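I opened the model to look up ring pairs, cores and strand pairing. My entries follow in the order I made them.

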Amino acid sequence: MRRRSAGPVDAARPGGRTDTDDGPTASGAAHGTWLTLGKDGRLTLYAPVDGGLLRWTETRAGGPRWSGPHMVPVPGLTHLTVVQGADTYVHFLGRRERTGADGAPAADVVHAIQYQTGLAVTDWRSLGNPDRGAERAARLAPPVGAVAADGTVHVFVRAAGGNLMLRREAPNGKWRAWEDLGGAGIDALPAPLALAGGRIEVCAAAETGVMIWRQTAPGGDFAGPRGFSLRPAPGTVAALETAPERATFFWTDADSGAAAAWRAGGWPIPLGASPAGRPYAVLRTPLDGHDYVVLAYRDQDGTAALGVGGTEDEAAGFWWYGLAEPCQGTPALARDGHGRVVMALIDPGGRPRVARQEDGPGLALTRWQRL
């Protein structure tokens, strides 16, 4: 892997605006897949802002110009998760707080969809709250989600009791009631994964180690949780399908402080690097004719780091590169309409920056472009 030193791009933005123009800025990075590739080959970047979310969209496949930011109002939004299905539809899951009729704060999960790149977002629909009672309901954790191969949306939330709750769509398009999947003492950010074969798996750090839930068949019930005596740091677990119907989970090991990869049936494999305090961004991509996994995270010093290693060949080593680019939250990784790796982050001023894979061997990134 080659790396070029990062720096801002001073080119004019669409519409005659430049990087120095004032405008709405993000309040941080969203959770999940907040850099998405549409069916038309254009990338879209989403970020939370006070009172809603912001959206930037490539003006053509492969960039480099972007339009935006476009504001999508969502009053009361406290957390934003972005997930995308195989059909390229983008789903937004939010935790919303409003004041109830009695004057007390009320929290619920909300959901909206963007069906096509650059077009309008649907109305936001409340999915309710799995907990009852004002005190328990106020402890609602951020929602996370996965979209099955058939387009069925699955929303997971840690309940006030520390167990995992699920709400999903029914075959007729309506939403089923909340389902209690059990567990105890789990982290606020479980890592669900939609496998290409149609099933969903969920991994969560817990007070007792790691818990795994597996869907028995596409659209079926969930078995588990199955517990493992491992030590992931809370808030760092990410999931990636690395072989047909096989998930690899990445996290920061709570004892060593290093990144680790784990598949059920084996032992965690240390990947090196300094500790990440948030989930890793994960991407599987071909490089120089070989199958690789790319990881990105926010280092302890507040800057972005990038790692590359062979898919399911972690023991051969991971190569890590500090990018010296400060960021908020977890960066994002995606492939653009030309198949190039793109990395995005939210800088300390709330502005997105993107860097793109250059032509040539390895994974060299262009200079950072500030949107």
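I searched for aromatic pairs and got ten in the structure. A pair here means rings of Phe, Tyr and Trp (its six-membered ring) with centres within 6.5 Å; planes under 30 degrees apart are stacked, over 60 edge-to-face, and the rest tilted. I looked at Y297 and W320: the ring centres are 5.6 Å apart and the planes stand at 80°, so this pair is edge-to-face. Y297 sits in strand 23 (residues 290-298) and W320 in strand 25 (residues 319-326), so the pair ties together parts 23 residues apart in sequence. Strands are DSSP runs of E, at least two residues long, numbered from the N terminus. I then checked F318 with W320, and this pair is tilted, at 5.7 Å centre to centre and 35° between the planes.

The model is predicted, with local features requiring pLDDT of at least 70 and side-chain atom pairs pLDDT 80 or more, while totals for chains, interfaces and linings use all residues. Residues count from 1 along each chain as its sequence is written, and side-chain values use heavy atoms, leaving out hydrogens and water.

Buried means under 20% relative accessible area, exposed over 50%, and partly exposed in between (1.4 Å probe, protein chains only). Y297 is buried at 2% relative accessibility. F318 is buried too, at 11%. I also noted a cluster in which ring pairs link F228, F249, W251 and W262.

**Cores**

Next I asked for nonpolar cores. Each is a set of buried Ala, Val, Leu, Ile, Met, Phe, Trp, Tyr and Cys residues joined through side-chain atoms within 4.5 Å. The largest has 31 residues. Among those with the most contacts inside this core are W34, W66, F92 and W124. Strands that supply at least two residues each include strand 4 (52-58), strand 7 (90-99), strand 8 (105-114) and strand 26 (328-335). Strand 3 gives the most, with five residues.

I listed the contacts of F92 (heavy atoms within 4.5 Å). Leaving aside neighbours within four places in sequence, F92 touches residues including Y46, L53, L80, V110, I113, V121 and W124. A second, separate core has 18 residues, among them A281, L306, L323 and A355.

T57 is found in strand 4. T57 is buried, at 4% relative accessible area.

I searched the whole structure for disulfides, taken as cysteine sulfur atoms within 2.5 Å, and the count is zero. C203 is buried, with 1% relative accessible area. C327 is buried as well, at 3%.

I traced an open sheet of four strands in the order 14-15-16-17, with antiparallel pairing. Two strands pair if DSSP finds at least two bridges between them. Strand 14 (191-194) and strand 17 are the edges, each with a single partner strand, so one side of each has no neighbour in the sheet. Neighbouring strands are turned by 15° against each other on average, direction ignored. The angle comes from axes fitted as lines to C-alpha atoms, with a range from 0 to 180 degrees between N-to-C directions.

I followed two pairings in this sheet. Strand 14 and strand 15 (residues 200-206) are antiparallel over four bridges, and P192 has V202 in strand 15 as its bridge partner. Strand 16 (residues 209-215) and strand 17 (residues 222-228) are antiparallel over five bridges. V210 has F228 in strand 17 as its bridge partner. The hairpin of strand 16 and strand 17 has six residues between the strands, and G219 takes a positive phi near 80°.

I found another open sheet, of five strands, in the order 1-6-7-8-9 with mixed pairing. Strand 1 (31-32) and strand 9 (125-128) are its edges, each pairing on one side only. Strand 8 and strand 9 are antiparallel over three bridges. The bridge partner of H111 is R125 in strand 9.

Last, I checked strand 20 (residues 259-262) and strand 21 (residues 269-272): three bridges join them, antiparallel. A260 stands opposite P270 in strand 21. These strands form a hairpin with six residues between them, and G265 in the turn has a positive phi of about 100°.
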